[in-house]
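Colleague: Please take me through this model, one topic at a time.

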Amino acid sequence: MGVMNELIDRSTVLSLVGLLREADGTRAWGSVEESAEHVDGLQLRARSDLVAEAIVADESDYSLLATTVRRALRSQTFAGWMIWPVSEAITTAALRGWSSDAHEEPVHFDDGLELLAELTPRLSAEFAIRRFLAADLDRALAKILPWTRSGDEHVRRLASEGTRPFLPWAVRVAALTSSPEKTVPILDALRTDPSEYVRRSVANHLNDLSRHNPGLVVQTAARWLERPDTNTAWIVRHGLRTLVKRADPGALALMGFSDATVRVSPITVADETIVLPGSLDFSFTVANEGDTAARLAIDYVVSYVKSSGALAEKVFKLSTRDVHPGETLGLRKRHAIHQMTTRVHYPGTHLIELQINGRRYSSRPFEVEIPSAVSPG
């Protein structure tokens, strides 16, 4: 994240100040200018929050701020990472004083969302939009759904990406995980989108939904496959990837991975002890002993030693193969094992297993040793 933190640096903030002054010369935007001196050393999200708070400190009235931002949009240099704090400031101002219990119409709610759509071609407003979803999911989705017909692919993608239940880096919206069916109309509208950028978001969104409602995801994917286009197979395969790894019966059946009669050899490893950084080189064979061709989803499962000494599984994709009756496949894989920010390794006895069409087969232990120079501690 070190390099990414610099995406919003002092010069970025000062450039934003200049653009705001051009758009509204009646105020000095002094708080924003001062914030430029304090972004160094902060994480990217904290930098955005700091500048957003400064924008609102200089102008808290939504209507006036929205007018200034729309004027700034006339300049093509009003773009890039300076947009993130602007979108957050717009959201704060639009939702100021908002209450789900209020009987009057939320005056700035709809326009605030519309302004995020106007900003998103300059930089995706997928993070800022989360607070609108948390404030009133149904009202926000009613405004977002028409974006699926926008002529701008960035706006169409925002409809899918911004409403993902588990959008990386973004705040969680409890209503999205408790009511996963509410975003399916957006995915239905975008699954045949001409932009790969949009379709990839749809597939990732579908995969997010599988965490809490596998049945909904399988049902949705099956419905899409009834009327496919040239990209449907890829979207479904990508959207069901987690369910296939988890051996979900509905997902496996939908992808054509039915029960197969196979014989799997013991796993052979090149080294029984891996010294980090290193790799586990392993091989095995799979034979189709059935009378018909079999479509096989061949995965492997590594059980890592945790700091407590317990094991934690992680499923990895290896191959998808169509195997004729009597055919034997020979497969090998080099699995890297080294310290990462997302996975800390500990010494001890690990386990590797094979998973074929959701069923576990051959397994064997292997040792991991960690020299003091790369110790997790």
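**The sheet and its neighbours**

Modeller: Five strands form an open sheet in the order E3-E9-E8-E5-E6, with mixed pairing. Strands (E, at least two residues) and helices (H or I, at least four) are DSSP runs numbered from the N terminus, and two strands pair if DSSP finds at least two bridges between them. The model is predicted, so local features need pLDDT of at least 70 and side-chain atom pairs count only at pLDDT 80 or more, while totals for chains, interfaces and linings use all residues. Residues are numbered from 1 along each chain as its sequence is written, and side-chain values use heavy atoms, with hydrogens and water left out.

Colleague: Which strands stand at the edges?

Modeller: The edges are taken by strand E3 (273-275) and E6; each has a single partner strand, so one side of each is left without a neighbour in the sheet. From one strand to the next, the twist averages 25 degrees, where axes are lines fitted to C-alpha atoms, for helices over the stretch in contact, and angles run from 0 to 180 degrees between N-to-C directions.

Colleague: How many residues of strand E5 are buried?

Modeller: Strand E5 (residues 294-305) has 11 of its 12 residues buried, buried meaning under 20% relative accessible area, exposed over 50% and partly exposed in between (1.4 Å probe, protein chains only). E5 runs antiparallel to strand E6 (residues 311-323), to which 12 bridges join it. Six bridges join E5 to strand E8 (residues 348-356), again in the antiparallel sense.

Colleague: Which residues stand opposite each other there?

Modeller: Tyr300 stands opposite Leu354 in E8, and Ser303 opposite Leu351. Val301 has Glu353 in E8 as its bridge partner. Towards E6, Val305 is the bridge partner of Leu311.

Colleague: What about E8 and E9; how many bridges do they pair over?

Modeller: E8 and strand E9 (residues 359-369) pair over eight bridges, antiparallel. One of the facing pairs is Thr349 with Glu367 in E9.

Colleague: Which residue takes a positive phi in the hairpin of E8 and E9?

Modeller: Asn357 does, with phi near 50 degrees, in a hairpin with two residues between the strands. The hairpin of E5 and E6 has five residues between the strands, and there Gly309 has a positive phi near 95 degrees.

Colleague: A change of topic: the aromatics. How many pairs does a search of the whole structure find?

Modeller: The search finds seven aromatic pairs. Rings of Phe, Tyr and Trp (its six-membered ring) pair if their centres lie within 6.5 Å, and planes under 30 degrees apart count as stacked, over 60 as edge-to-face and the rest as tilted. Phe127 and Trp169 form a stacked pair, at 6.4 Å centre to centre and 20 degrees between the planes.

Colleague: Where in the chain are Phe127 and Trp169?

Modeller: They are 42 residues apart: Phe127 is in the loop between helix H7 (109-119) and helix H8 (129-135), and Trp169 is in the loop between helix H10 (153-161) and helix H11 (174-178). Ring pairs also link them with Trp81 and Trp84 into a cluster.

Colleague: Which ring face does Arg211 lie over?

Modeller: Arg211 lies over the face of Phe166, 4.0 Å from the ring centre. Arg27 lies over the face of Trp29, at 5.8 Å. The criterion is NZ of Lys or CZ of Arg within 6 Å of the ring centre and within 35 degrees of the ring normal.

Colleague: And the largest nonpolar core: which residues touch the most other members?

Modeller: Val32 and Phe78 do, in a core of 83 residues. Helix H6 (residues 83-95) gives the most to this core, with eight residues. Apart from it lies another core of 28 residues, among them Phe282, Ile298, Leu329 and Ile352. Such a core is a set of buried Ala, Val, Leu, Ile, Met, Phe, Trp, Tyr and Cys residues joined through side-chain atoms within 4.5 Å.

Colleague: What does Ser48 touch?

Modeller: Ser48, in helix H4 (residues 44-58), touches Ile8, Trp84, Pro85 and Glu88, leaving aside residues up to four places away in sequence; contact means heavy atoms within 4.5 Å. Ser48 is buried, with a relative accessible area of 0%.
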